[in-house]
There are 2 protein chains.
Amino acid sequence: MTDPHFNKVALIGIGLIGSSLARVIRREKLADTIVVNTRSAETLARARELDLGDEYYTSAAEAVRDADLVIVCVPVGACGRVATEIAPALKAGAIVTDVGSTKRSVIEQMSPELPDTVEFLPGHPLAGTEHSGPDAGFAELFRNRWCILTPAGRSSDEAVEKLTAFWEACGSRVDTMDPDHHDKVLAIVSHLPHIIAYNIVGTADDLQTVTESEVIKYSASGFRDFTRLAASDPTMWRDICLHNKDAILEMLSRFSEDLSALQRAIRWGDGQALFDLFTRTRAIRRSIIDAGQDVAAPDFGRQASGQK
Amino acid sequence: MTDPHFNKVALIGIGLIGSSLARVIRREKLADTIVVNTRSAETLARARELDLGDEYYTSAAEAVRDADLVIVCVPVGACGRVATEIAPALKAGAIVTDVGSTKRSVIEQMSPELPDTVEFLPGHPLAGTEHSGPDAGFAELFRNRWCILTPAGRSSDEAVEKLTAFWEACGSRVDTMDPDHHDKVLAIVSHLPHIIAYNIVGTADDLQTVTESEVIKYSASGFRDFTRLAASDPTMWRDICLHNKDAILEMLSRFSEDLSALQRAIRWGDGQALFDLFTRTRAIRRSIIDAGQDVAAPDFGRQASGQK
């Protein structure tokens with residue numbers, strides 16, 4: 001077993017993911033020193049109040065000095081800037097990774113900026129909630145969630161083993177994958193669902209014949225399920241749309257093509273086509289529950305969680 | 001206060017809604033006699049095993065004899081047939097209602113069949129889960145959920161008061177609404193979300209470049225939220241699509257129009273448009289939680305409900 005422990009870990013960004021990492025690193029004793037960095041003095045002060053780290057800096061360059069592991073936890077649109085800032089200060093042999101939801105773009109932004117003396121190994125923990133900021137994090141966030149590492153030809157086998165051990169110690173299951181394949185997989189399992197959720201909530205908000213108060217009042221009949229994803233962090237999702245454009249546009253056209261066929265079946269009263277689709281999709285839910293990727297309780301277990 | 005009690009209640013259909021009604025009627029002592037009817041001998045036997053009622057019939061006509069309240073709990077496509085079957089056997093003065101998700105079509109199917117001697121008062125409890133059948137029901141299903149009554153000019157004020165008292169005793173909050181307005185409201189808060197969920201799950205299932213096992217394995221990153229709605233009863237949803245066609249097609253075109261604009265913003269890199277939409281939708285989630293229509297716990301409280 002590779003030792004998952006690092007002497008000094010620098011977290012660049014302390015939002016939902018960064019602050020969850022800080023909490024689990026401390027709980028599992030995965031670092032002697034946790035360094036917290038964010039550009040916002042206000043957010044940094046909050047991180048300090050929450051006692052998330054051992055050292056606090058608004059400068060990313062200062063934060064990474066002597067760090068053995070640097071985890072960039074910022075929206076994917078900011079990765080290039082961060083790489084430029086930290087590059088001169090990185091310790092030789094340090095592992096530099098990230099948590100971004102797109103991988104090809106992160107590699108293109110960061111790789112040219114980073115010195116050859118570091119191990120660059122992009123990563124993506126598939127974990128999150130609709131909440132954001134340092135208060136939203138919790139140590140259990142990564143438990144039994146997947147973390148995908150996408151080596152970009154700039155990391156040793158030892159670095160892959162070490163980072164895998166680290167994420168496993170955080171509670172994750174780890175896969176490695178080609179960056180382009182990652183971007184396609186995430187476009188369908190994550191990016192398309194979020195974009196569709198944002199879109200449907202926007203459509204409902206625009207209606208005049210049905211009032212917004214009616215939409216809210218009767219939302220338990222289906223609509224509310226979409227509002228969770230559509231409440232995700234706007235900056236993060238703007239950047240994902242801009243940085244995984246090709247894969248997202250491809251998924252959107254497939255989705256629209258299928259929706260046109262479904263719309264046509266409704267218009268022409270093709271009950272058999274509707275029944276066949278609605279039966280096929282039911283089986284997929286069962287597979288997801290069997291794979292332990294969702295709760296079997298009806299309605300996501302909302303009643304059990306104390307809904308009035 | 002109007003007395004919510006009836007001497008004899010006949011449930012035509014004993015799926016998720018019918019069997020939940022049977023359970024809450026018994027628990028709250030809302031009827032002296034509960035009559036259970038379903039055409040399937042097998043389902044009727046299961047209802048008997050579950051001890052859902054006091055009398056059991058495969059004939060709807062036999063089931064409604066002497067009933068003071070008849071609740072039709074079948075897919076909306078079957079309402080006309082049920083009305084034809086029960087019409088000759090209905091007791092004078094009985095209240096006939098239903099639980100269908102579309103109201104104009106139910107009125108058009110049932111109203112011409114029913115005798116003038118009964119009170120016909122369509123209704124729709126906005127309650128359900130992705131499970132179906134007599135085993136899926138539970139007495140708490142209607143608690144704090146809305147039930148919408150849509151008078152069709154064939155019920156007295158007393159009947160509206162009586163049925164309102166009944167649904168309130170089942171735990172519901174009751175609104176009355178014009179049937180056409182109901183169909184528009186439900187098209188946006190329920191029908192469109194279900195259709196979009198079915199569609200996206202279908203699209204994901206069709207992909208070749210991303211395997212189905214990858215879709216399932218990584219579904220917690222967003223996709224799984226849609227699979228719950230897409231696991232709803234296929235017959236029920238086929239019928240809703242066929243019986244609220246006009247309102248659904250209108251909502252689908254608005255949705256598609258908005259999606260095209262969003263797609264264009266992604267293609268042309270319009271970050272401001274994306275950010276504005278993603279910010280606006282976040283506020284709606286907060287309104288829904290403030291209105292008590294969803295849980296505030298992150299991730300629908302899945303962790304609290306025991307997810308591994």
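**View 1. Surroundings of A:Thr164 in the predicted model.** Leaving aside residues up to four places away in sequence, A:Thr164 touches A:Leu149 and A:Val174, where contact means heavy atoms within 4.5 Å. A:Thr164 lies in helix H6 (residues 157–169) of chain A, helices (H or I, at least four residues) and strands (E, at least two) being DSSP runs numbered from the N terminus. Because its relative accessibility is 16%, A:Thr164 counts as buried (under 20% relative accessible area, with exposed over 50% and partly exposed in between; 1.4 Å probe, protein chains only). This is a predicted model, in which local features need pLDDT of at least 70 and side-chain atom pairs count only at pLDDT 80 or more, whereas totals for chains, interfaces and linings use all residues. Residues are numbered from 1 along each chain as its sequence is written, chains are lettered from A and ligands numbered from 1 in the order in which they are written, and side-chain values use heavy atoms, with hydrogens and water left out.

**View 2. Strand E5 of chain A and its partners.** From E5(A) (residues 95–98), A:Ile95 and A:Thr97 point one way and A:Val96 and A:Asp98 the other, and all are buried. Strand E4(A) (residues 69–72) runs parallel to E5(A) and is joined to it by four bridges, pairing requiring at least two DSSP bridges between two strands. A:Val96 is the bridge partner of A:Val70, and in strand E6(A) the bridge partner of A:Val96 is A:Phe120.

View 3. A:Arg282 forms a salt bridge with B:Asp233, their closest N and O atoms being 4.0 Å apart; the criterion is a side-chain nitrogen of Lys or Arg within 4 Å of a carboxyl oxygen of Asp or Glu.
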